[in-house]
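Dear colleague,

Please find below the structure that I am handing over to you.

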Amino acid sequence: MASLRETLARTRSSIFGRIQSLLGQTDITNETWDELEALLLQADVGAATTEQILRRLKARASAEGIVRAAQLREALAQTLKEMLAAGAATPCTYAKTRLLEVILVVGVNGSGKTTSIAKLGKRYQQHGRSVMLAACDTFRAAAIDQLQIWGERLGVPVIAGAPNSDPGAIAFDAVQAAFARKCDTLIVDTAGRLHTKHNLMQELKKVHGVLRRSVHEAPHHTLLVIDATNGQNAINQAKGFTEAVGVTGVILTKLDGTPKGGVAFAITGELGIPIRYVGTGEKVDDLAEFDAEAFVQGLLD
Ligand SMILES: Nc1nc2c(ncn2[C@@H]2O[C@H](COP(=O)(O)OP(=O)(O)OP(=O)(O)O)[C@@H](O)[C@H]2O)c(=O)[nH]1
Ligand SMILES: [Mg+2]
């Protein structure tokens with residue numbers, strides 16, 4: 001299992017490392033600010049969030065009478081942590097608070113939904129939860145197989161239907177099966193889709209609606225899986241999914257091997273959606289609970 005620090009190596013070495021060297025033994029000049037802005041943009045932090053970070057940092061520097069670039073390091077770390085906390089994340093909890101907890105997982109094609117579901121399933125199991133998976137990606141036969149293979153490996157039941165069957169009907173069956181078998185956690189896989197495809201987003205709304213009508217307050221979590229390598233595109237995707245089904249949290253995948261880890265700041269800064277988990281590799285244990293402090297340290301240390 002890769003550590004968060006290892007996972008962030010590319011983002012750190014390519015860009016945040018340069019931010020660290022920029023903040024060296026010199027006085028702060030206009031160039032310092034310009035450079036910092038350029039580097040944050042390169043790290044996929046996004047224009048709006050970069051502007052926000054700089055505004056806060058300048059206010060902090062002025063309030064604290066900071067004149068040396070090196071002194072900005074700590075102030076920057078603090079500001080970045082605040083930006084990540086903007087999503088107001090309450091910590092992940094695995095305590096059983098209801099009969100059946102429903103987690104709906106959505107996102108564009110290939111973002112890492114099915115793999116993340118296996119990782120989540122294992123995590124919930126490790127906390128003593130009894131997990132069931134629902135294969136509501138009926139679009140590809142291989143997608144059903146993929147989830148079933150994960151189910152076998154984890155030893156958790158998978159509710160699936162025939163390829164091309166109605167995903168809403170599978171969602172309905174899965175809820176009934178979860179109650180019948182006294183499972184307390186149902187994780188629902190969905191087909192990858194572009195946020196711009198109206199009919200597919202309608203289909204996703206249907207699945208969401210079935211869950212909402214079948215279990216009190218469900219889905220209790222709607223997790224959007226975002227591939228960090230998509231950088232700024234991820235922001236528009238997130239907006240589309242949030243408008244369609246409401247997103248309560250993000251799983252940021254493939255942070256390993258990308259220099260675009262700065263997109264985390266854009267997700268919380270621009271969208272206000274908390275990042276819940278980070279994908280740190282392809283294996284079932286390669287999932288970390290998101291921790292703003294550790295994330296910023298992993299980028300700047
Ligand atoms: N390096 C790395 N690879 C990942 C991570 N998460 C998923 N992957 C890989 O990304 C690829 C796609 O993962 P899937 O889980 O099938 O993605 P999906 O969103 O379910 O795809 P569709 O169902 O086709 O929309 C696979 O090769 C995964 O192993 C991660 O955190 N890091
Ligand atoms: Mg999938």
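Helix α6 (residues 113-126) contributes the most to the shell around ligand 1, supplying 3 residues. Please note that this is a predicted model. In total, 21 residues surround ligand 1, and the closest of them are G112, T114, T115, G192 and G279. Sorted by class, that shell around ligand 1 consists of 13 polar, 6 charged and 2 nonpolar residues.

Turning to the overall fold, the protein contains 12 helices and 8 strands. Its radius of gyration is 21 Å, close to the 19 Å that the globule rule gives for 301 residues, so the protein is as compact as a globular protein of that length. Along the principal axes, the C-alpha atoms occupy a box of roughly 65 × 40 × 30 Å. Of the 301 residues, 46% are buried. Among contacts in the protein with a separation of 6 or more, 76% are between residues 24 or more positions apart.

One helix pair may also be of interest to you. Helix α2 (residues 9-22) packs against helix α3 (residues 30-42) at an angle of about 170°, and their axes are 9 Å apart. Because angles over 145 degrees count as roughly antiparallel, α2 is roughly antiparallel to α3. On the α2 side, I15, R18, I19 and L22 take part in the contact, where they meet T32, E35, L36, L39 and Q42 of α3. The residues of this contact comprise 5 nonpolar, 2 polar and 2 charged.

Yours sincerely

Definitions and conventions: Residues are numbered from 1 along each chain as its sequence is written. Chains are lettered from A and ligands numbered from 1 in the order in which they are written. This is a predicted model: local features need pLDDT of at least 70, side-chain atom pairs count only at pLDDT 80 or more; totals for chains, interfaces and linings use all residues. Axes are lines fitted to C-alpha atoms, for helices over the stretch in contact, and angles run from 0 to 180 degrees between N-to-C directions. Helices (H or I, at least four residues) and strands (E, at least two) are DSSP runs, numbered from the N terminus. Angles under 35 degrees count as roughly parallel, over 145 as roughly antiparallel, 65 to 115 as roughly perpendicular and the rest as oblique. Two residues are in contact if their C-beta atoms, placed from the backbone, lie within 7 Å. Ala, Val, Leu, Ile, Met, Phe, Trp, Tyr, Cys and Pro count as nonpolar, Asp, Glu, Lys and Arg as charged, and the others, Gly among them, as polar. The radius of gyration is taken over C-alpha atoms; the globule rule is 2.2 Å times the number of residues to the power 0.38. A residue is buried if 20 or more other C-beta atoms lie within 10 Å of its own, exposed if 12 or fewer, and partly exposed in between; C-beta atoms are placed from the backbone. A residue is near a molecule or strand if its C-beta atom, placed from the backbone, lies within 6 Å of it.
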